Number of protein chains: 2
Amino acid sequence: MARALDEAEAAARRGEVPIGAVLVRDGEIVAADGNRPRELNDPTAHAEMLVIRAGAAKLGSERLIGCDLWVTLEPCPMCAAAISFARIRRLYYGADDPKGGAVVSGGRLYSLPTCHHAPEVYGGFGETASAELLREFFRERR
Amino acid sequence: MARALDEAEAAARRGEVPIGAVLVRDGEIVAADGNRPRELNDPTAHAEMLVIRAGAAKLGSERLIGCDLWVTLEPCPMCAAAISFARIRRLYYGADDPKGGAVVSGGRLYSLPTCHHAPEVYGGFGETASAELLREFFRERR
């Protein structure tokens, strides 16, 4: 999660909402990145999407079997669904996101009977630091 | 929708689940594509995601203001959320997808109080042809 927080801080320095993600397999980092929708002019360029896409390209498979994802904020519906499609094994996240999350908040995607694959979910890792980065970012913007 | 169905048929010929999407602005096609997760080793490469990303890159903005999306099947949660983030104006889709959809099925994302932007939604365009393409594809695979 320390590396995911570093990616979130780097995102803030680029003027992006500070969220970072790291994809891990067998104790090795497969991909790490932060939010880049503004830089890339790509509304889908959330940190989770970028590491899933990079990881799948690197491993040569659309399924990231045995991979775990660390992300500083509870994933939104787009990312939560992509995590399911990619067959991510475990999801570790920082702060809950009552407004935009879709894991323990909002639509709670993994609880739907139609969800084919749900990762094991562990929240609250680096929660304070994750939330503080976001608060600081939005405070400066106001 | 005819063009979206062409893209779905092309996807089937590539061995992909036959779903196609077209992004339109001011009566002009901005981007058109079909599913490519297998070809690209990218679990996020649904037709809708590809045209949203291509459209945003082409228009130089992460928000596709005034753009409408045509897609042969009701979008999944990943694509439905991306459509919201991209600020798509109108969503026209073919067949409902009770198992995987997130617009009128499943989590019904646009009905959540936390959804910042919901497109106008119109279903049932080319529904029979869309559904038949999918049925045929899965029948041949069995």
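Me: How many residues of chain A are in contact with chain B, and how many of chain B with chain A?
Reply: Keep in mind that this is a predicted model. Contact here means heavy atoms within 4.5 Å. Going by that, the count is 29 residues of chain A and 29 residues of chain B.

Me: How much area do chain A and chain B bury between them, and what share is on carbon and sulfur atoms?
Reply: The buried area is what the two parts lose on being put together, summed over both. For chain A and chain B that comes to about 2300 Å², and the share on carbon and sulfur atoms is 68%.

Me: How many salt bridges does the rule find across the interface of chain A and chain B?
Reply: The rule asks for a side-chain nitrogen of Lys or Arg within 4 Å of a carboxyl oxygen of Asp or Glu. Across the whole interface, the number of salt bridges is 4.

Me: Which elements give two or more residues to the side of chain A that touches chain B?
Reply: That side of chain A divides into 16 nonpolar, 8 polar and 5 charged residues. The elements of chain A that give two or more of its residues are α2 (37-40), α3 (47-59) and α4 (77-85).

Me: What rotation superposes chain A on chain B, and which C-alpha of chain A is nearest the axis?
Reply: The rotation is 180 degrees, with 0.0 Å of shift along its axis and an RMSD of 0.0 Å. That's the relation of a two-fold axis. In chain A, the nearest C-alpha lies 1.8 Å from the axis and belongs to A:M78.

Me: Why do we say the copies meet through the same surface?
Reply: Look at which residues take part on each side. The copies meet through the same surface because the share of interface residues of chain A that are also interface residues in chain B is 100%.

Me: How many residues of α4 of chain B are buried?
Reply: This helix covers residues 77-85 and is mostly covered. Its buried residues, B:M78 and B:I83 among them, pack against α3 and α4 of chain A, along with α3, β3 and β4 of chain B. Of the 9 residues in the helix, the number buried is 8.

Me: Is B:H46 buried or exposed?
Reply: B:H46 is in the loop between α2 and α3 of chain B. Beyond its neighbours within four places in sequence, B:H46 is in contact with A:F85, B:N35, B:C76, B:M78 and B:C79. Buried means under 20% relative accessible area. B:H46 has 17% relative accessibility, so it counts as buried.

Technical notes:
Residues are numbered from 1 along each chain as its sequence is written. Chains are lettered from A and ligands numbered from 1 in the order in which they are written. This is a predicted model: local features need pLDDT of at least 70, side-chain atom pairs count only at pLDDT 80 or more; totals for chains, interfaces and linings use all residues. Side-chain values use heavy atoms; hydrogens and water are left out. Buried area is the accessible area (1.4 Å probe) that two parts lose on being put together, summed over both. Helices (H or I, at least four residues) and strands (E, at least two) are DSSP runs, numbered from the N terminus. Ala, Val, Leu, Ile, Met, Phe, Trp, Tyr, Cys and Pro count as nonpolar, Asp, Glu, Lys and Arg as charged, and the others, Gly among them, as polar. Buried means under 20% relative accessible area, exposed over 50%, partly exposed in between (1.4 Å probe, protein chains only). Copies are superposed by least squares on the C-alpha atoms of residues with pLDDT of at least 70 in both.
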